[in-house]
Amino acid sequence: MSVAATRRLTTAQALVRFLAAQYTERDGVRHRLIAGTWGIFGHGNVAGLGQALVEYRETMPYHQGRNEQAMVHAAVGHARQLGRLSAQAVTTSIGPGATNLVTGAALATINRLPVLLLPGDYFASHAADPLLQQLEHPVEADVSVNDALRPVSRYFDRINRPEALLASALKAMRVLTDPAETGAVTLALPQDVQAEAYDWPEEFFADRIWRVRRPAPDPAELADAVRLIRSAARPLIVAGGGVHHSEAEGALKTLVDATGIPVASTQAGKGALRHDHPADLGGIGHTGTAVSDELARTADLVIGVGTRYSDFTTASGTLFQHPDVRFLNLNITAFDAHKLAAGTLVCDARAGLTALAEALPGHRVDTAYETEYRAGKARWEETVKAVFRADDDGAVPTQTQVLGALDAVVGDEDVVINAAGSLPGDLHKLWRARSPRQYHLEYGYSCMGYEIPAALGVQQAAPGTPVWALVGDGTYLMNPTEIVTAVQENLPVKLVLVQNHGYASIGGLSESVGAERFGTDYRHRVADGSFTGAPLPVDLAANAASLGMDVLRARTVRELREALATARAATRPTCVYVETAPPSAALPAEAWWDVPVAEVSAREAATGARKAYERAVADRRHHL
């Protein structure tokens, strides 16, 4: 009897070798599954994974991070740019290094984006107990801080024996590459097990291909879907992030060109159609365009493609007001397909859209409906031009004029990244997406501090592509440290830093719900305890420069245009810093968003806001 070949390696060495041999394949195109590893080393991983990454540095690229949460954001940006076909790993020490992963893990899982987390853990042997940074639980001795990652991970395991990695590593790769299940995957690695040697079967290190499926629609579901579409007079497609993940933009265009059904987009789905396509109506919901929301209120069939219907999309259940509205959801997950009591088409987005187009020969919406939505699109385009336009080049720009100046500079290939603050609302309404990957909004978790590190991951995934991170002052202060990594790795990301002296988005929301903008300004505290004094003497441009960025200060619209053009051509990390003028009231929300208001209060602002709230909430519908 022959003896299977083995190789004696530590657990950490075996894991790195295994990861370097994993590939995805879809439509005949192969990608490396784990393209690199981000890491910050401490006593929980430096002697295990740290040593292994040195040993195999030729086959596993390593990237040095500055903040554990930011490393996850960078990995998420990388995965999204590459359509979830390639991911990155993140390794940390135990203790605060591990718990700092939780926010990033939640963001990845909520947005259905793959990332592999490899936090160090306590001694599996309990030889040193307690050790530095250990959480001692008086009842459950096997609990560690890594257990905080369980609810935000799609797969979690603690590798307490070397041989346990054999099965667990394969399960982890399956989840990372499953389009219906993907998200954060966590393998907690006790530091003694990382360094322990084991005789590994050679088969464990063989190249392995994980084929990413494109499940076709069920014939009966497809027939039902076709009947729904043929019977609808005012259908509306809501394009979500699943369109991009499936690379289904071409299939969507084919269906829309044939049928004339208009398309509105979620934050994740914007760019599913190019902005100048006659049927592209822009964003939908609380931050949507007037034309999208007007049609949504009168649509008799809403066709969701790859969307999970967040409250921003549905205007907290108040948007779809047609008395007989029905829903048809095309989604790769049954969980999302069944939302809003919809008819379902559980399949890959490209496969489903292609099947619908083939099953609807000759079907087209009424000419009057096309004329209506095209006129609404034209009216909205005039709104965009008006808020982008600056009549005085020497004036301080508004935030929307900043976006107008950037719109004039970018090319089709540029990527614009944002996540939180007042910018997402303006971008969703106004940005004219020129290509499927250009509009990169993380709005599932809307995590402040995402933009800069995500830009690094996108730049790694798309070298040579101009990548823009748009941040306000509040977001910048959350997580600027990866600027140092951009400088270290010579990643020429472009940072547009908008200074408006506070949390503009939450400030406006605070005012609308009767909280009087309390605690939302970056200003000196005055005698009554409020923050209404002069702006703080904080120079964020100098901070960015101190971290190694080239910084261009723009004081006027003219200087802003020049600075953006210079930044786009730059080959080093470059920041354009601009202080904006107060916003105008030109772009109110086109649909409601439910933020409950105090039911009783002694303050007039709150009582008035409550009355408005009660009027709005009365329009909520439960679609059954």
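In what sense do S18 and strand S19 (residues 439–441) pair, and over how many bridges?

Tutor: S18 and strand S19 (residues 439–441) pair in the parallel sense, over three bridges. Two strands count as paired if DSSP finds at least two bridges between them; helices (H or I, at least four residues) and strands (E, at least two) are DSSP runs, numbered from the N terminus. This is a predicted model, in which local features need pLDDT of at least 70 and side-chain atom pairs count only at pLDDT 80 or more, while totals for chains, interfaces and linings use all residues. Residues are numbered from 1 along each chain as its sequence is written, and side-chain values use heavy atoms, with hydrogens and water left out.

Buried means under 20% relative accessible area, exposed over 50%, and partly exposed in between, with a 1.4 Å probe and protein chains only.

S19 leads on to serine 446, found in the loop between S19 and helix H18 (451–461). Serine 446 is partly exposed, with a relative accessible area of 27%.

The buried residues of H23 pack against S20 (467–472), helix H16 (399–409), strand S21 (494–499), strand S22 (550–554) and strand S23 (574–579), where contact means heavy atoms within 4.5 Å. These buried residues are Val557, Leu560, Ala563, Leu564 and Ala567. Seen down the axis of H23, they fall within an arc of 115 degrees, so they line one face of the helix; the arc is that of the directions from the helix axis to the C-beta atoms. An α-helix has 3.6 residues a turn, so residues three or four places apart point the same way. H23 (residues 557–569) has 13 residues and reaches 19 Å from its first C-alpha to its last, close to the 18 Å expected at 1.5 Å a residue; the expected span is 1.5 Å times one less than the number of residues.

Six strands form it in the order S14-S13-S12-S15-S16-S17, with parallel pairing. Strand S14 (280–283) and S17 are the edge strands, each pairing on one side only. The twist averages 20 degrees from one strand to the next; axes are lines fitted to C-alpha atoms, for helices over the stretch in contact, and angles run from 0 to 180 degrees between N-to-C directions. S15 and S16 run parallel and are joined by five bridges, with valine 305 opposite leucine 330 in S16. H8 packs on this sheet, and its direction makes about 135 degrees with that of S16. Helix H11 (residues 290–298) lies across strand S12 (235–239), strand S13 (263–265) and S14, running at about 100 degrees to S14.

Alanine 315 sits in the loop between helix H12 (311–314) and S16. Alanine 315 has a positive phi of about 50 degrees although it is not a glycine, and at 0% relative accessibility it counts as buried.

Another open sheet of six strands has the order S5-S4-S6-S7-S9-S8, also with parallel pairing. Strand S5 (62–64) and strand S8 (155–158) stand at its edges, each with a single partner strand, so one side of each is left without a neighbour in the sheet. In its S7–S9 pair, strand S7 (residues 115–121) and strand S9 (residues 184–190) are parallel over five bridges. The loop between S7 and S8 holds proline 130, and the peptide bond from aspartate 129 to proline 130 is cis, with omega near 0 degrees.
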